[in-house]
Amino acid sequence: MTPIVVGGTMMYVQWLVYGIPDALQPSESAQRQAQAFVQHFRRNSFDGDWDGAVQHLIDTIPSSYSNFEAQVRKISFQDWYRLGRIMQVAITAQEYAEQQRQKQQEQQEQQEGQVAQVENDPQTPDEVDREMDALISRLYSGERLGGLKNMMMKKNQNGDDNNNDDDTEKVPLFDVRCFFLCPTNRMAHFQTIDLRCEQMIQQGLLRETMQLAVDGKFNDMTRRAIGYRQALEYLQRPNPQRQDVAALVQFMQDFCTATRNYAAQQMKWYRKDDEFVFVPVPTTSLSSSAAVASQSSNTATNKKPGVTKRPPQPPPVLLRKEEREDAFQQVALDIHRMVQLDRDEFDREERLASDCPSSRTREENQEQGKDMKWFQFKRKILVDNSPALWQALQEADWCTEQYLNQINKNNNISNNGNDSNITEIPSH
């Protein structure tokens, strides 16, 4: 039996395959300070003052920690989690250094001028600083523990398990084979994402978010999740009004944009990891794909210097239900075939060869990214003057009132014990 793990969250997949980073455990004080630091510079928004946060962190930590600034500069733009995490390490390191210096001072006072050294003397200042550099650099050392690819077992010459013989060869415990299901047409893939986001709104995303919020079931992690974050921003919008189409459309657009950006980030992440075989997943009908390919070829041939406007292109035609089912069945068969290959053959022909389908799919995916700047959000379900949009507005107005009523109720109870006020949002 072959175990199959399916997922898409990049960090967790990396932890499963390669292991958890061997990083310093931060103190509770460091965690609180880092959280307050991140909240201050993010200013309760997604973007925040990133450059200011980076510079403030660099200025705050002693310059004697030689590795610190270089590690901070390596963090990807807007990666607030990693910035907060490295601040936790730095603060914990400072706390440890201060503890060591206090021990040294106390030891010197106890010795009262004696020259003799005793066992387990505290470290000298230079030794403390060197250890701090080591602690900070550990966060990005690349060392990982517990990943499936790192688990080994011993084999004797006969190929049998033998965990008692130190002279036996160590071999991987698992033959881990990783696959990334890559859409063949990124424009069509983004259209599918937008459609799915509209369906989620139509099926009650705002109601679910409102209920979780009034029940107090949101934590910091779930509050930042794509979908919940944009829904909360909509419920908390200033001066809400009834039948406000513009506000609802802005919420939809923000939700779709965040989801598309995450999908693009996934593709970029997995393109860098050659452990993953890129399996092409058709997203458009054959006729649509041929038309788009022909148009792209003409665009490249007829490109003129200084022309930045993209010529009109036929919209991709998404697969019908029957076509999708056939396509997914073929993808499953392709993966099954590759799993049956000998490991060396799999690596040589399916994973590492420059002309294999995986390499071509990876290159095409990256090349298509150049045209994604031309993608435009377009509603397909919640369109103007449609019954679906009217129903969504009714639901959105009700959710907003329920949310504001609960907020006012909580505020009144905390202030004077009165929970009788009812909020109604005005008409647009």
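Predicted model: local features only at pLDDT ≥ 70, side-chain atom pairs only at ≥ 80, totals over all residues.
Helices α2 and α5 cross with their axes within 8 Å of each other, and the largest nonpolar core holds 34 residues.

**The α2/α5 pair**

- Helix α2 covers residues 28-42 and helix α5 covers residues 80-111, and their axes cross at roughly 140°.
- Angles over 145 degrees would count as roughly antiparallel, and α2 and α5 are therefore oblique to each other.
- The crossing of these two helices, α2 and α5, is right-handed.
- On the α2 side, the contact residues are Ser 29, Ala 30, Gln 31, Gln 33, Ala 34, Phe 37, Val 38, Phe 41 and Arg 42.
- Facing them from α5 are Trp 80, Leu 83, Gly 84, Met 87, Gln 88, Ile 91, Thr 92 and Glu 95.
- By type, this contact of α2 with α5 is made up of nine nonpolar, six polar and two charged residues.

**The largest nonpolar core**

- Within this core, Leu 206, Tyr 234, Leu 248, Phe 251 and Leu 382 touch the most other members.
- At least two core residues come from each of α7 (186-202), α8 (205-214), α10 (228-235), α11 (245-271) and α16 (387-416).
- Helix α11 gives the largest share, with eight residues.
- Leaving aside residues up to four places away in sequence, Phe 251 touches Ile 201, Leu 205, Leu 206, Gln 230, Ala 231 and Tyr 234.

Methods
Residues numbered from 1 in each chain as written. Heavy atoms only, no water. Axes fitted to C-alpha atoms, helices over the stretch in contact; angles between N-to-C directions. Helix = DSSP H or I, 4+ residues; strand = E, 2+ residues; numbered from the N terminus. Parallel < 35°, antiparallel > 145°, perpendicular 65-115°, else oblique. Left-handed = near helix turned anticlockwise from the far one by under 90°. Contact = heavy atoms within 4.5 Å. Nonpolar A, V, L, I, M, F, W, Y, C, P; charged D, E, K, R; others polar. Core = buried A, V, L, I, M, F, W, Y, C linked by side-chain atoms within 4.5 Å. Buried < 20%, exposed > 50% of the residue type's maximum accessible area, 1.4 Å probe, protein only.
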